[in-house]
Amino acid sequence: CPLCPPLDYVPANGTKFNHPFTPSSASDIRSHVAKTVKSVPAGGTIRLALFSLNDDGLADALIAAVRRGVSVQIVGNNHNITNSIPGLPPSPSFKRLRNLLGCRRTEPGVDPERVSFARICRASCRGHGGNVHYKMFLFSSVGKDSYDPATGQAYAECPPGTEDKGTCRQWVTMMGSPN
């Protein structure tokens, strides 16, 4: 099933914590986000709004998602590709995503909801100044019962009873910082 997600991960409801200075826990949130990206089926969507994306593992997972037919749209702070914040260098991971996905919001003949891109904001995308400092991750569906295994394509909704079993979750929202 070339379009099926490589993982069958369904994030649990609730809060997720890590301890940044404990090696066994330091990457818990980053792993949680990456595993969720790897569990979105073809036809699904991933939307990210974030300050920084400087994680090759997450960038690789997002690129693989696009290649299997997931629509990925990312909006990040402009320091990801410029030297706009002193002492904070541009992100090679974000630059690689932008080079592969492009930054155009439309493509001829493609539904704008299906166009993948990695864009930056100047002046926080809100007006006169500031940074995009929010970190939000949105996923249309994840889990083994969120897609048709014959086609790999996402279902419009989870089959009845599958969410209770933890094998399908739709409209997953994560907020926080996987730095």
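Which residues touch the most other members of the largest nonpolar core? They are I46, L53, L62, I74, L97 and F139, and the core they belong to has 26 residues. A nonpolar core here is a set of buried Ala, Val, Leu, Ile, Met, Phe, Trp, Tyr and Cys residues joined through side-chain atoms within 4.5 Å. Buried means under 20% relative accessible area, exposed means over 50%, and partly exposed lies in between, with a 1.4 Å probe and protein chains only.

A word on the model before we go on. This is a predicted model, in which local features need pLDDT of at least 70 and side-chain atom pairs count only at pLDDT 80 or more, while totals for chains, interfaces and linings use all residues. Residues are numbered from 1 along each chain as its sequence is written, and side-chain values use heavy atoms, with hydrogens and water left out.

**The chain as a whole**

The protein chain has four helices and five strands, arranged along the sequence as α-β-α-β-α-β-β-α-β. Its radius of gyration is 17 Å, close to the 16 Å that the globule rule gives for 179 residues, so the protein chain is as compact as a globular protein of that length. The radius is taken over C-alpha atoms, and the rule is 2.2 Å times the number of residues to the power 0.38. Helices (H or I, at least four residues) and strands (E, at least two) are DSSP runs, numbered from the N terminus. Along its principal axes, the C-alpha trace spans about 50 × 50 × 25 Å.

Of the 179 residues in the protein chain, 41% are buried. The chain exposes about 9700 Å², with carbon and sulfur atoms supplying 53% of that area; such areas come from the Shrake-Rupley method with a 1.4 Å probe, and for residues only the protein chains shown count as cover. Contact means heavy atoms within 4.5 Å. Among contacts between residues at least 6 apart in sequence, 70% join residues at least 24 apart.

In soluble globular proteins, nonpolar side chains tend to be buried together. Here, at least two core residues come from each of α1 (28–37), β1 (45–50), α2 (56–67), β2 (71–77), α3 (92–101), β3 (117–121), β4 (136–142) and β5 (169–175). Helix α2 gives the most to this core, with six residues.

Leaving aside neighbours within four places in sequence, L53 is in contact with L48, L58, A59, L62, N80, S91, S93, F94 and L97. One of these partners, L58, sits in helix α2 and counts as buried at 9% relative accessibility. With neighbours within four places again left aside, L58 contacts V33, A34, V37 and L53.

Helix α1 has I29, H32, V33, A34, T36 and V37 buried. The buried residues of α1 pack against β1, α2, β4 and β5. R30, also found in helix α1, is partly exposed, with a relative accessible area of 34%.

| Pair | Separation in sequence | C-alpha distance |
|---|---|---|
| V10 and T36 | 26 residues | 6.9 Å |
| L58 and S31 | 27 residues | 8.6 Å |
| R30 and L58 | 28 residues | 8.0 Å |
| E113 and Q73 | 40 residues | 8.8 Å |

V10 lies in the segment before α1 and is buried, with a relative accessible area of 16%. Not counting residues up to four places away in sequence, V10 touches V142, G143, G166, T167, C168 and R169. E113 has its place in the loop between α3 and β3. With the sequence neighbours up to four places away not counted, E113 touches T45, R47, S71 and Q73.

Most residues other than glycine have a negative phi. W171 is found in strand β5 and is exposed, with a relative accessible area of 65%.
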